[in-house]
Amino acid sequence: NNQNWKLCKVGNTYSVSFPTIQGDKRVPLQVEHYHFAEQLDRVLLGEGERGTLKLMQLRGCWYAILSITWDVPSVESAGRIGVDRGQNRLAVAATLTGQSVFFSGSQVTHRRRQFQKRRMDLQKAGKYRAVKKLERKETRWMREVNHTISRRIVRFANAVDADVWVEDLSGIRKSKQRKKTRSDAGKSRHTWAYYDLEWKLGYKM
């Protein structure tokens, strides 16, 4: 939590300390991008609100994931664009005057089915560790797709000087769907990463 970890900087080296069973542990951080270094400097200056620190091991490397909350001033834009999300079309962004951009979901549907087939083959072979690895790969790929879509929508919004309003899909996964459709990874709402796209749009705007 935000009470038991500390951030320090000596020279150009950042480090975090946190309590363990054997006492406080301090580890240096390798900051991959200057943007993150700027955010860490702001934390050290007392700006923003510290959140949680999570440690995660991935492919033999340890990562420190910090959450920070900043106060961002509200900016009123001249117009407004609405964003609808779906599976046949991952997103449709349109202005009140008819300008729009579309993002087809056909390639995502095809790739989801490929992942599903590969996952079933691995499960039949009892290779459960490989199944988990494949699931992580699919998640990373879909996040990158949403990152690209959200970036293009934000560029579109900036070009027309408009705020973004996203369709409310709360409870969409609870809506009825045919069993055959639900079992199809390319069409099932349970594999639809709609919230990840909304989250990315939120922080990019």
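**View 1. The crossing of α3 and α5 is right-handed.** A crossing is called right-handed if the near helix is turned clockwise from the far one by less than a right angle, and left-handed if anticlockwise. In this predicted model, where local features need pLDDT of at least 70, side-chain atom pairs count only at pLDDT 80 or more, while totals for chains, interfaces and linings use all residues. Residues are numbered from 1 along each chain as its sequence is written, and side-chain values use heavy atoms, with hydrogens and water left out. The axes of α3 and α5, which are lines fitted to C-alpha atoms over the stretch in contact, lie 9 Å apart and form an angle of about 45°, with angles running from 0 to 180 degrees between N-to-C directions. The two helices α3 and α5 are therefore oblique to each other, a word for angles that are not under 35 degrees (roughly parallel), over 145 (roughly antiparallel) or 65 to 115 (roughly perpendicular). Contact here means heavy atoms within 4.5 Å, and among the α3 residues that meet α5 are Met142, Ile149 and Ile153, while the α5 side includes Leu197, Leu201 and Tyr203. By class, this contact of α3 with α5 has 7 nonpolar, 3 polar and 5 charged residues, where Ala, Val, Leu, Ile, Met, Phe, Trp, Tyr, Cys and Pro count as nonpolar, Asp, Glu, Lys and Arg as charged, and the others, Gly among them, as polar.

**View 2. α2 and α3 pack with their axes 9 Å apart.** The angle between α2 and α3 is about 170°, and that makes α2 roughly antiparallel to α3. The contact is made by residues including Val108, Phe115 and Leu122 of α2 and Val131, Leu134, Trp141 and Val145 of α3. Sorted by class, the contact of α2 with α3 has 10 nonpolar, 1 polar and 7 charged residues.

**View 3. The largest nonpolar core has 23 residues.** Such a core is a set of buried Ala, Val, Leu, Ile, Met, Phe, Trp, Tyr and Cys residues joined through side-chain atoms within 4.5 Å, and buried means under 20% relative accessible area, exposed over 50% and partly exposed in between, with a 1.4 Å probe and protein chains only. Ile81, Val83, Ala91, Val145, Ile149 and Ile153 touch the most other members. Two or more residues of this core are given by each of β6 (79-85), β7 (89-95), α2 (106-124), α3 (128-159), β9 (162-166) and α5 (194-204), and the largest share, 10 residues, comes from α3. Ile149 is in contact with Leu90, Ala91, Phe103 and Leu197, leaving aside its neighbours within four places in sequence. A second, separate core of 9 residues includes Val16, Ala37, Val43 and Leu53.

**View 4. Leu29 is found in strand β3, residues 23-29.** Helices (H or I, at least four residues) and strands (E, at least two) are DSSP runs, numbered from the N terminus. Not counting residues up to four places away in sequence, Leu29 touches Leu7, Tyr14, Ser15, Val16 and Ala64. Leu29 and Ala64 are 35 residues apart in sequence, and their C-alpha atoms are 7.9 Å apart in space.

**View 5. Asp161 lies in the loop between α3 and β9.** Although Asp161 is not a glycine, it has a positive phi of about 55°. Asp161 counts as partly exposed, at 42% relative accessibility.
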